[in-house]
Amino acid sequence: MDESSVRAVGWARSLPMNTGPKAARDWARAHLDSLGWTDSAPQTVDDVLLTVSELVTNAHVHAHSAARLVLAWDGQCLHVTVHDDASALPTPREPSRDGLGGRGMLLVDALADEWEARPCPDGKSVTACFRPPSPTERSR
């Protein structure tokens with residue numbers, strides 16, 4: 001592979017436990033604006049922001065950890081990664097009819113083009129990939 005042809009842009013932010021998911025969404029929206037997605041791919045922006053909210057909430061609520069949020073655009077896919085300090089990997093589960101939670105990873109699974117969770121030496125990282133719609137898909 002010709003390394004000079006590889007281009008990526010990325011941003012990272014740490015979100016301590018006292019930082020709510022709204023701060024994460026606002027921060028992510030500003031970077032999606034810089035990519036031009038709020039005008040060209042508003043549905044994808046909504047999907048990304050909901051995913052950011054779910055992953056950051058999971059880090060705070062289930063991992064009892066700060067969330068390290070990274071957005072990386074490689075020209076084909078926006079990688080949304082949240083790292084936390086817990087080693088247990090998330091899995092989509094059937095939500096109960098009575099429970100208020102338990103739907104976060106089901107939402108991520110439905111919204112993202114693909115996602116994965118990987119163990120890390122100090123916890124785990126969950127990454128969701130989003131591809132913006134092609135110009136022909138946007139004009140429909």
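Figure 1. Of the 20 residues in α3, 14 are buried (under 20% relative accessible area; exposed is over 50%, and partly exposed lies in between, with a 1.4 Å probe and protein chains only). This is a predicted model, in which local features need pLDDT of at least 70 and side-chain atom pairs count only at pLDDT 80 or more, while totals for chains, interfaces and linings use all residues. Residues are numbered from 1 along each chain as its sequence is written, and side-chain values use heavy atoms, with hydrogens and water left out.

**Figure 2. The protein has five helices and five strands.** Helices (H or I, at least four residues) and strands (E, at least two) are DSSP runs numbered from the N terminus. Their order from the N terminus is β-α-α-α-β-β-α-β-β-α. Of the 140 residues in the protein, 37% are buried.

**Figure 3. Helix α1 packs with α3.** The angle between α1 (residues 21-34) and α3 is about 145 degrees, and their axes lie 9 Å apart. Axes are lines fitted to C-alpha atoms, for helices over the stretch in contact, and angles run from 0 to 180 degrees between N-to-C directions. On the α1 side, P21, A24, R25, A28, R29 and L32 meet V45, V48, L49, V52, S53, V56 and T57 of α3; contact means heavy atoms within 4.5 Å. This contact comprises nine nonpolar, two polar and two charged residues (Ala, Val, Leu, Ile, Met, Phe, Trp, Tyr, Cys and Pro count as nonpolar, Asp, Glu, Lys and Arg as charged, and the others, Gly among them, as polar).

**Figure 4. V80 is a buried residue of strand β3.** Strand β3 comprises residues 78-84, and V80 within it has a relative accessible area of 0%. Leaving aside neighbours within four places in sequence, V80 is in contact with V48, V52, L55, L69, V70, L71, V126, T127, A128 and F130. V80 and V70 are 10 residues apart in sequence, and their C-alpha atoms are 5.9 Å apart in space.

**Figure 5. H64 lies in the loop between α3 and β2.** Strand β2 comprises residues 67-73. H64 is exposed, with a relative accessible area of 62%. Its phi is near 50 degrees, a positive value in a residue other than glycine.
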